[in-house]
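I opened this model to look up its fold, its surface and its charged pairs. My entries follow in the order I made them.

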Amino acid sequence: MKRSALLVLVWILMLASTASGQVNLGIFGGVNRSSLAGDRPAGTSRETRMGLSAGLVGEFHLTNDIWLSFQPMFVQRGTDILAKLPGDTTSDTVSLTLALDYVTLPVMLKFVARNGKT
């Protein structure tokens, strides 16, 4: 895993040096709301969870009309699962939390239109 990450970093740096001289950098962040869908046992329900997302944006101009964009980001998602235990008179529900934290690396190739908009 470390070797492949190093190779990707070297590739990005080599690509940046061959780009047509213009690089755009930025940051972004936000909040998302997520839940799970699908079959569930009787007596259970799911609730949505709030999570954060933040990342970087790097755009390398390969030509005047073609840009390569990398957007590494950290994302938090998940759900709360509420279950009623059959025959349990001491508690109403049991709450389970599923939290998913992960890093993504979207890569996009952008083609600029005639009016200068992507």
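I took helices (H or I, at least four residues) and strands (E, at least two) as DSSP runs, numbered from the N terminus. On that basis I found 1 helix and 6 strands in the chain. Along the sequence they run α-β-β-β-β-β-β.

Notes on the source. The model is predicted, so local features need pLDDT of at least 70 and side-chain atom pairs count only at pLDDT 80 or more, while totals for chains, interfaces and linings use all residues. Residues are numbered from 1 along each chain as its sequence is written, and side-chain values use heavy atoms, with hydrogens and water left out.

I looked up the accessible area (Shrake-Rupley method, 1.4 Å probe; for residues, only the protein chains shown count as cover). The chain exposes about 8700 Å², and 61% of that comes from carbon and sulfur atoms. Of the 118 residues in the chain, 22% are buried.

Contacts. I counted a contact when heavy atoms lie within 4.5 Å. Among contacts with a separation of 6 or more, 59% join residues 24 or more positions apart.

Charged pairs. Side chains of opposite charge can pair when their charged atoms come close. My criterion for a salt bridge was a side-chain nitrogen of Lys or Arg within 4 Å of a carboxyl oxygen of Asp or Glu. How many salt bridges does a search of the whole structure find? It finds 2.

Aspartate 80 counts as buried because its relative accessible area is 16%. Arginine 49, at 27%, is partly exposed.

I then checked lysine 110, which forms a salt bridge with glutamate 59, their closest N and O atoms being 2.4 Å apart. Here too distant parts of the chain are linked: lysine 110 is in strand S6 (residues 107-111) and glutamate 59 in strand S2, 51 residues apart. Both lysine 110 and glutamate 59 are buried.

A loop residue. I located asparagine 64 in the loop between strand S2 (44-61) and strand S3 (66-70). Is asparagine 64 buried or exposed? Its relative accessibility is 69%, so I logged asparagine 64 as exposed.

Notes: Buried < 20%, exposed > 50% of the residue type's maximum accessible area, 1.4 Å probe, protein only.
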